[in-house]
Every structure is written in C-alpha cells, then in structure tokens.
Amino acid sequence: MELAQLAPRRLAARLAEGIDGTLLAIALALAAIGLATLYSASQDDAARLTAQLANLAFALAAMWLAAQVPPQTLMRFAPAAYLAGIALLVAVALAGDVVNGARRWLHLGVVRFQPSEVMKLALPLMLAWYFHKNEAALKLRDFALGALLAAVPVALIARQPDLGTAALVAAVGVYVLFFAGIGWKPLAALALLVLASLPPLWGLLHEYQRKRILTLLDPTQDPLGAGYHTIQSTIAVGSGGIGGKGWLHGTQAHLEFIPERHTDFIFAVYAEEFGLAGGVVLLALYVALVARGLMIAANAATFFARLLAASITLMLFTYAFVNIGMVSGILPVVGVPLPFVSYGGSALATLFIGIGILMSIHQHRKLVQT
Amino acid sequence: MRIAELKDHQRELYYFQLRVGIAGIAVLLAFGLLLARLAYLQVVQHDTYAAKAEENRISIVPIAPNRGLILDRNGVVLARNYSAYTLEILPAKVRDLERTIQELAEIVEVQPKDRARFRKLLAETRNAESLPIRTRLSDEEVARFAANRYRFPGVEIKARLFRQYPHGGLASHVVGYIGRISARDQERLAEAGLDSNYRGTDFIGKAGLEASYQHELHGVTGFEQVEIDAAGRGIRTLARSPAKAGNNVTLSLDIRLQEVAEGAFGARRGALVALDPSSGGVLAFVSKPGFDPNLFVDGIDPQSWEGLNNSPDRPLNNRAIAGVYPPGSTFKPFMALAALELGKRRPSSTIQDPGYFEFGGRRFHDSKRGGHGTVDLYQSIVKSSDTYYYMLANDMGIDAIAGFMQRFGFGAKSGIDLEGEATGVLPSPEWKLKRFRRPEQQKWYAGETISIGVGQGYNAYTPMQLALAVATLAANGSMYRPHLVAHVDNLRSGERRHVEPVLVRRVALKDENLEFIRRAMAGVNREGTGARAFAGAQYSSGGKTGTAQVIGLKEGEKYDEKKIAERFKDHALFIAFAPLESPKIALAVVVENSGFGARFAAPIARIVLDYYLLGRLPESMPGRAAPEEEPDDEEREGD
C-alpha cells in the first residue's frame, strides 16, 4: 500500500530531476498559445492539431533526455555532432526530397526531417567546444577558424535553398563568436565582410528570394504575387486592434486570406484574434524566456556551457524576432517559424532540445565551481 | 599561476557577463521595436486595416432583375428572356488573355466570330467586368469546362438570362434591341443617378421600345451580401434583398397586322404607320428593311454589324420616324382643306388646266401631259391635278400654307414613345432663314411656294407625321399623340397603368369642309387614282395617292422610269383611312424608289385595311411584288 503510493511519487521526482520549472512553464505557455491558435487556424483539418500534440509529446521527451545529459558529455560529442550535421547536409544536397522547389528534406526510413535543424544546435556545440578548448588564449586566428566552421554549414543550407535557416545558423555562429569575446574591431570587420558579401550573394539568390526582399520595400508592387503574404498578414495584424477579434473569430484566417497560416504566418492568426494584448503577452513570454536563458548562461559552470547557453538563448530570440518582424511587415519573408507556436515537428523538437540543454546547463551550474 | 589563472577566469567571466548584458539590452530593444510596430498596426492604423479586412471579407453581389416582357395587343410575346450558360472571362484576373482563349478553344468551340466579339467587348465595356467568350454552351461543353476549371483562373461558367425576340425581324424597329452597357450608357446612367440600380446589369435597351421603355423594363436590382474567401468563393450569404422584375409592356400594335403589312412590302424598302385615330394608338409600324434583333443580344459580331451598318438599304434606319420624304400629292387634301378653311376656294370654283402653270417665266408641269381640262376642287383631289395646286399655293402664299399645315403636325415631332424621331421640314420663310447662312439663300422666293402646293420642294415629312395628319383628318381635327404602348403591367403588385390618349390639339375645322375633303378622298378610292387598288373593297374608305420625286427634273424633261437608276426612282406614297364614317384606322405608306403611288403604295394600304377591318387579305389582289410593266393611262393620269 505504502509502496504503491510511493512509487508514482518517486517516479515523478525522477522525472522532474534536472527539469527547470521556469523554462518549462514558459515553453509550455508558448506551446499552449500555439495549439489554441492552431486550432483556430485549422478548422478545415482537425488532424493537424492531433499531429502537433504528438509533435509536442515527442519534443518534450527529447527535451527531457537532453536535460539528463550533462554538459561535459555534450562537449565530448560536439565535434561528432557537427560532423554528422555536415554529413547530413551533404546527403540532403545529394539525395534530399524536393518540396516547393527546395531540397531540404531527408528521408530516414519512415521519418522525414530537415538536417538543417540539426545544425542549429550542432554549430553552437561545435563552436563552444572549440573556444572552450582554447579558452586560455583565444587569438584572432581562433575566431577566424570559428567563423570558417560556421560558414561551411551556412553555405550548404543557403544552397538548398533555405535562406531563412542559413541566416539563423549564421546568426548563431556570430553569437558564439560574440560571447566568446571576439574583439569589437574583428566583430566590426566581420560585419563589414558580411555586408560586402551581400552584392555577390544577390547574384546567387533565386528569383523568388530577390522578389521577396524587393517586395518588402513595397508590397503593393505585386499584390497578388510576392507581396500577397505581407499585405494579407499585415491586414490581419492591423485589423486585430487592441483586443483582437476573439478566438476563432479572425476573418482573415478563417477565410484563408492568410497563407501558411499554420506555420510561418501563425502569428498573423494570433494577432488578429488576440490583438495587441495578445501580442504583449507573447512578447513578454519571449522576454522571460530570453531572460531566463541569459541568466542560466551567466551562471553556467564552464566556458563551453556559458557559450552554448547564451547562443541557444539568442537563437530562440532570433527566431521570434525574425518571424514576428516578417509577419508584421518589417522583415523580408523568410521561412522561419515562430518558436514553440508554429506547427511543425522538426523545429519544435530542436527548440525543446535546446531548452533541455539549457536545463542541463542550469542543473550543473555549481559542479566545477570549487 | 593559479591565482593569475583564477583572476583571468574572473575577468573572463566579467567580460562574458558584460556581453550577456549587452545582448539582453539588444533583445529588449528588438522586442521593443516589434511592440512599437504592433502598436502602430493595431492601434494607429487599426481602422484602415479593419476596413481592409472587411473589404476582403464581404462582397456585395448585385442580383440583376429579370427584364420585363414586350407583348402585342393580344398578348403575343415579342421580347422574352431565356436562361443559358455562358463562358466568361474576367480580364483583370487573367494574365495572358490570348493564351487562355487558345487553351479554352481546346475544350469548347471558340469561333473567330466569338474572338472578334470578345475583343470588341473588351475595347468597349466598363472595366472589371466579366465578358463572354462563348454564349449558349451545350451541356456537354459545360461539363467539359467544369472538369478543366482549375486550369483557368478568372474564367467561369455563368447562367445568364438572354433576351430573345421570337418574331425575329418582324417589327424590329418597334421592339428594338438590347446591347451591353457601353461607357456612354454608363455615363448617362450616372448622370441620371441610376447607376447603382444597374450594378448587376450587363444589358440596356439600345433601340426601339427596348430603349424608350428601358426603365420600365429593367426593374429593381437586388443585392446579396456574401462573405467570400481569398479565392473569391462565396462562403455564406449574410443579407439579401431580392431583385424586383421589370414591368411588362403591352403594345397597341397587332403583330398579325404587322406581319401582313410587312409581307405586303415584299422586298421593297419603305415605311408604313397605321394609327387608331381616336386614341393615337399605333396599330402597325413598318420600316423596311428591318433586321434580326437577336443578333444584338449577346453582343453583335463585327461582321454582322458591318453588314447592317454599311448596307445601302440602311436596315438600321427607322424610316417610319427618322426617314423624311416629300409627301407628293398626299399633301393635296390638306392643301384643299386649307383653301376651304381660309376661304381661298369654294368647292364649286373651277380652273382650266392646260397641263402646266406658268410663273415668272417658268413652267411648272402637270404629271398628265396636256392637263386635266376643267377641274374643280373635288376633281383636283380625285384626279390629282398638279396645276390646280400650283395655282392654289401661289394664291395662298407660303405663310398661310405653313400656318395651316403646322396645326396638322407637319414638320414637328409627333411625340411617339420611341427615340430618334426626325423633325422633318415644314417650309416657311422663317425656316429658310434659320436653315441657311448666306443672305441670298435665306430669302424666300415666291416661285418656291408653287411646288410646295404639290408636296414637293422643301417639303419633307416622316411617314409618322403623314399618318398623324391623316388620323387627325379622320378624327375631325382631334390630334392624339401617337403611342406604341397601351399599358404597362407590374407583375408583383398586379398594377396596370394604361397609356391614356393624349389630345395634342383640336384643329378647329368647319364640318362641311371636313365632309367635303373626306368625300373627295373617298372619291379617290372609288373612281380616282386609288380605284384600282380598292376595287371590290367591302368597306368605305378615303385615300390619296402620291408620287414623290427623288431628283428634280429639268424643265421640259420627261421622267423615264426605265432609264433612271433604281435609287433615283420616285417614292410611292399613299394615305388612307377607313371606314369613311367613324374611321377605325388611318395610315400612311411610303415605298421607296418604286414609282407611282397608285401602283406600289395603294395596294399595300388595301392589304392592311382589309386585314384590319375584315380580318382577311383581299381576294382579288395584284401580287405583293407587282410585275414591272408600263403603267397604264389611268395611273399615269394621277400624279
């Protein structure tokens, strides 16, 4: 009798071990917003909600596992993860599935996933590992090498083409360099280098990508083509007003004026139905998430852990910023989901694994402090 | 070493935490930017975007009302509606029109005619309108397109009501036709403040009663508020006010009489107007040649249009009200009446007719060589003496003639309920002053008065004016405004509005004078120039033949029918009323370029009167198209 009562409690305690309640609460709140919005946006397709629930369950399990792995172990596997990520990207370039004209997906038996997702975590792991190894005396040469390590996957992802993810991965690389203490001058030089590489990059861009960027400057140029996304999502956001039209009452979403309303443009649905008030809540949740993440980074035990936590946190921020910026019409339309909210298994898993890593770092914060 | 390392460590941690702080501030700034953007969109610009979302969402779909029918006096349908499928293109939503049409042609038949019409419509009509590339699709074609619909954004099958004229070209100038609303129609509607009632309407009356009764026939447009999705598909109806069908218009015209009258013309060009003298109701209204109004219904193809528009026979010209002709000798009864009323002649007074009248050194010839001898007023009408009227006109003077004729409606629009009526010319010094610019042309010459007396010279009247003058004569001087429509019916309310006879004026005339003229006109049909055409008629009637010169003949030149090109041949005219006592019908006939009125116009009048009064065609009638033969003396004698 006593045993029977004890066992679940023990199990709960074991499950809760290493789990940061604050982070989990924030992430789950965001996921709940996502599910509610998704429910509203997919009344034509109820299966989508079930699928996302399954995605969430899988992502939570992955987070739990990640939270159980101590940072030292992660560090040990960092180069392997990076190399595996590179290998997958090469594989996808050679044998990936083409969806919407881009080769991004890889079939592994029954599961289909985007290898670029792996790189979102593998790159900061790798760079944090590299800088940690040379922690005592980081020279400019090290930062240059770090930049090169970042450039390889970025180039591979950009070639798919998946400009949004490439930019994100590049941003994560820069974050690691930044936190690793790259001097202001080399940082400025790097920024200049990126700027200087823009014109030649423009030539490498696909027609639709150029159009998206040009359309950002004036969406009305092509109201039925490239500008359509931005115009309709802006209308959805603006028409939401302060209080929103109410859950399930967004006309823009329900009449299918918002394209990709389950995935990249889910914020338009949310903002239409919940208004500015909902937007403030969502932004507050992200601010809390970032604050918690940066706090964990600041208190992390090792250089590796600090770099990893800070860059993962800023990656989460970047996701949210780019997505909301794009939906509200101040950034070009790139395929970046709204973290924890958008529909989609790969991204959700990556995000929760990231959260898991943060939890693990938080859990092991005092260990080396002797 | 250890301490240095620790210090190093401390410093490194400090730098890291500094950078975390910087990152934190950057994050806050970035989210602040997003918040500002959201506030701008959702608070400052909220009204704009809310309106845009509504615009996106709600579409006002007009429901075009069913057009009213046009019926003859017996309820025979002259214009009706039927439903058919059309294949329509919304040009604004199609990127490459040519390619789309090309691809459509693989699924449904698209003839060059259809393409030409589509291009014409595209050039003519209001923008943002869906235009038919094909009309009257078969069920099979509808099914074939439906299966391929996804390939053609901006192309749709629509069920449309079409106008149909079951009698084809019969009474085409009465009924008229409808056509697509043009930019000019649109402007006119906007000026009249009617454009909102025409939002769902594609067609408008362009000619005939379809045009003049457009607003009765059209009805009231209904509206439906429909919630639509991004693809423009209607999701659900939010509100609806149904359309109210147009009114039915019933004519005083009898389509069977019309058919008989048109048949009597055969292939000849001309016009006939038959009126009910006691009300002004139009009984028959012919303008030949006509046209098939059905050609116009779904947009006339350019080829047919060219054919109608450029034909030398001018089939689109409504001769009955827009064609002007010299009345010729049909003018004489009115001249005789004027002489009696003004005391210029007495019935008993006679003249000697040598075959010409000399004035100012110029001879005005009688159509009968050698003249009619001693002629009194009665004979002048029955035998149609020109000399008598040359002299009479000279005696009366132009002012007296114009003043009298004006009262019979000559040279003025009759006011019939059709558009496009011509005024004609009632010659007078005032008219000349207005008509011409140069002083020597503006002056009226006494010699010009003389040919006015026989219905030539500047005289130019529409067949409608002639018929109205005869009807006024038949109604003892009461002139009723001619009208085609007898009543207008509102089908919903059951309300019927009759077109009441409108007395334009009562021409004051002495009974004995009227009686004399009617007796003389009866004499025309009994023993005069109309006798042949009215031989054996089972009713009494009055008439007058007329032959109007198309070109002026030189002095001493004799008219030779055979030598003159067809277009320059004389117009044949006839006016008539019947029965003599209390006339039920008065008419005027003009047969263009045919020759003598007695031979070509009077028989048509006989056919119409027989059918109207007896309900049958004449038993012993010369054929509709009389064989070309040398006119005998009797015909030659009269005009």
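Here is a short walk through a strand residue, a helix and a chain contact in this predicted model.

Let's start in chain B, at Val589(B), which sits in strand β23, residues 585-591. Is Val589(B) buried or exposed? A residue needs 20 or more other C-beta atoms within 10 Å to count as buried, and Val589(B) has 35 C-beta neighbours inside 10 Å, so it counts as buried. Leaving aside residues up to four places away in sequence, Val589(B) touches Gly270(B), Leu272(B), Leu573(B), Phe574(B), Ala601(B), Ile604(B) and Ala605(B). Gly546(B), 43 residues away from Val589(B) in sequence, is 9.7 Å from it in space, C-alpha to C-alpha.

Two of those contacts, Ile604(B) and Ala605(B), take us to helix α23 of chain B, residues 602-614. Its 13 residues reach 17 Å from first C-alpha to last, close to the 18 Å expected at 1.5 Å a residue. In α23(B), 11 of the 13 residues are buried, so the helix is largely enclosed by the rest of the structure. Among the buried ones are Ile604(B) and Ala605(B), along with Arg606(B) and Asp610(B).

Now for the place where the chains meet. The contact takes 37 residues from chain A and 32 residues from chain B. On the chain A side, the elements giving two or more residues are α7 (163-179), α11 (227-240), α12 (251-254), α13 (266-298) and α14 (303-327). The largest share, 12 residues, comes from α13(A). Sorted by class, the side of chain A that touches chain B has 23 nonpolar, 12 polar and two charged residues.

Technical notes:
Residues are numbered from 1 along each chain as its sequence is written. Chains are lettered from A and ligands numbered from 1 in the order in which they are written. This is a predicted model: local features need pLDDT of at least 70, side-chain atom pairs count only at pLDDT 80 or more; totals for chains, interfaces and linings use all residues. Helices (H or I, at least four residues) and strands (E, at least two) are DSSP runs, numbered from the N terminus. The expected span of a helix is 1.5 Å times one less than its number of residues. A residue is buried if 20 or more other C-beta atoms lie within 10 Å of its own, exposed if 12 or fewer, and partly exposed in between; C-beta atoms are placed from the backbone. Two residues are in contact if their C-beta atoms, placed from the backbone, lie within 7 Å. Ala, Val, Leu, Ile, Met, Phe, Trp, Tyr, Cys and Pro count as nonpolar, Asp, Glu, Lys and Arg as charged, and the others, Gly among them, as polar.
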